[in-house]
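The structure is shown below.

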Amino acid sequence: MSWLVNLYLAIRVWAMSFTLLLPLLGAASAQGELPPRVAVILLCIAISFHVFGYVLNDVADLWLDRSEPLRADSPLVQGILSRRQALWLALLQPPPAFALAVHAGATPAALSMLAVAFAALAGYDLYGKRCTWPLLSDALQALGCCALLLMGAFWHGPRISPELAWLTAYVFIYVLLANGFHGALRDLANDFAHGARTTAIWLGARPGAGDAVTIPTRLLAYALALQIALLVCVLAALRSIVEMAGNPWRAVPVALSLAAAALLLLTATRLVRSRRNLITVCLAQVLLGMAVMPMLYVPVINATGAVAMIASFALPVLAMYLYNGTHWRA
């Protein structure tokens, strides 16, 4: 059990939902289905990408994590996993990911997107909280996630469609909101104390007395603008998916999830001032925004694809709740 807990913490299993979904969503948007073999290959590549991105991020941000209470149980912070071992764990991920993609017959376009994904995440990991313009580092992370999505979409060749364009825009904006607002507020006190550069701090967020958090109007406006943009992207994507457009009732869960996410965002920014409570509300908002993406495709793709998407989303979230409850850790 101790080994499993350390593995869970070292590779941040709770965050794996989003990473696993990306190539599956891309493939579903391009092919309309997810054959079992393709789904398994894409999931294996996504796991390598996830381990690379998060472990390298932990190595680069160790100077911050050592003083962050939410990271106190990290094997890297505790010394169970050395910095060198973690670095090797991260750097060993791209070769098997590319080898598997080549062996499985991925097109040059898909391989190019995989290279962009790894390069963008490496850039974000190394400079994410050191960049003078944090919006640029947020955009770099978002670019890496979009590239992983496009890898799945281009698996059998480049296929550009309005549906894929809106889905890619949704992923890009979602990452901006999750990292630049939610994640930055979660880590606000420690980041501010050590001079880290994040979008929330850049837009004026400050830790208050005790457990309080101060959220300025311009940061709230930024978050609400992103939430509105997410709504626009989803509505446009729904109109682009033929099966969804032909049966409007299938869009009801998506619309309700987005409405709940917007309500939680307003609650988080206007009514909640305790950091712990803010983390809980932000977690719910992040999960609802993420759940919207598989909701677009689960009703219209084959059974294998639906099961792969549901499991990819639900299992890491379940692991998180078993370990963390509702207290979203870094």
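## Helix 2 and its two partners

In this predicted model, helix 2 and helix 16 cross in a left-handed sense. The two elements, residues 16-31 and residues 275-297 respectively, have axes 10 Å apart and pack at an angle of about 30 degrees, which means that helix 2 is roughly parallel to helix 16. On the side of helix 2, the residues that meet helix 16 are Ser-17, Phe-18, Leu-21, Leu-25, Ala-28 and Ser-29, and their counterparts in helix 16 are Met-290, Met-293, Pro-294 and Tyr-297. Sorted by class, this contact of helix 2 with helix 16 holds eight nonpolar residues and two polar ones, with no charged residues.

The crossing of helix 2 with helix 3 is right-handed. Here Met-16, Thr-19, Leu-20, Pro-23, Leu-24 and Ala-27 of helix 2 meet a set of residues in helix 3 that includes Ala-39, Leu-42, Phe-49, His-50 and Tyr-54. The contact of helix 2 with helix 3 comprises twelve nonpolar and two polar residues, and no charged residues.

## Helix 10 against helix 13

Helix 10 (residues 162-186) and helix 13 (residues 217-240) pack with their axes 9 Å apart and at an angle of about 155 degrees, and they are therefore roughly antiparallel to each other. Helix 10 passes helix 13 in a left-handed crossing, and the residues of this contact divide into 21 nonpolar, two polar and one charged.

Helix 1 is followed by Arg-12, which is placed in the loop between helix 1 (2-10) and helix 2. The phi of Arg-12 is near 50 degrees, a positive value in a residue other than glycine; most residues other than glycine have a negative phi. Arg-12 has a relative accessible area of 9%, and therefore counts as buried.

## Two further buried residues

Which side chain is joined to that of Gln-285 by a polar contact? Gln-285 is found in helix 16 and, because its relative accessible area is 3%, it is buried. Its side chain is joined to the side chain of His-182 by a polar contact of 2.6 Å.

Cys-131 is found in the loop between helix 8 (108-127) and helix 9 (134-153). Its relative accessibility is 18%, and Cys-131 therefore counts as buried, since the cut-off for that class is under 20%. When its neighbours within four places in sequence are left aside, Cys-131 is in contact with Ser-137 and Arg-197. Cys-131 and Arg-197 are 66 residues apart in sequence, whereas their C-alpha atoms are 6.4 Å apart in space.

Terms used: Residues numbered from 1 in each chain as written. Predicted model: local features only at pLDDT ≥ 70, side-chain atom pairs only at ≥ 80, totals over all residues. Heavy atoms only, no water. Axes fitted to C-alpha atoms, helices over the stretch in contact; angles between N-to-C directions. Helix = DSSP H or I, 4+ residues; strand = E, 2+ residues; numbered from the N terminus. Parallel < 35°, antiparallel > 145°, perpendicular 65-115°, else oblique. Left-handed = near helix turned anticlockwise from the far one by under 90°. Contact = heavy atoms within 4.5 Å. Nonpolar A, V, L, I, M, F, W, Y, C, P; charged D, E, K, R; others polar. Buried < 20%, exposed > 50% of the residue type's maximum accessible area, 1.4 Å probe, protein only. Polar contact = N/O pair within 3.5 Å; in protein donor to acceptor, adjacent residues only side chain to side chain.
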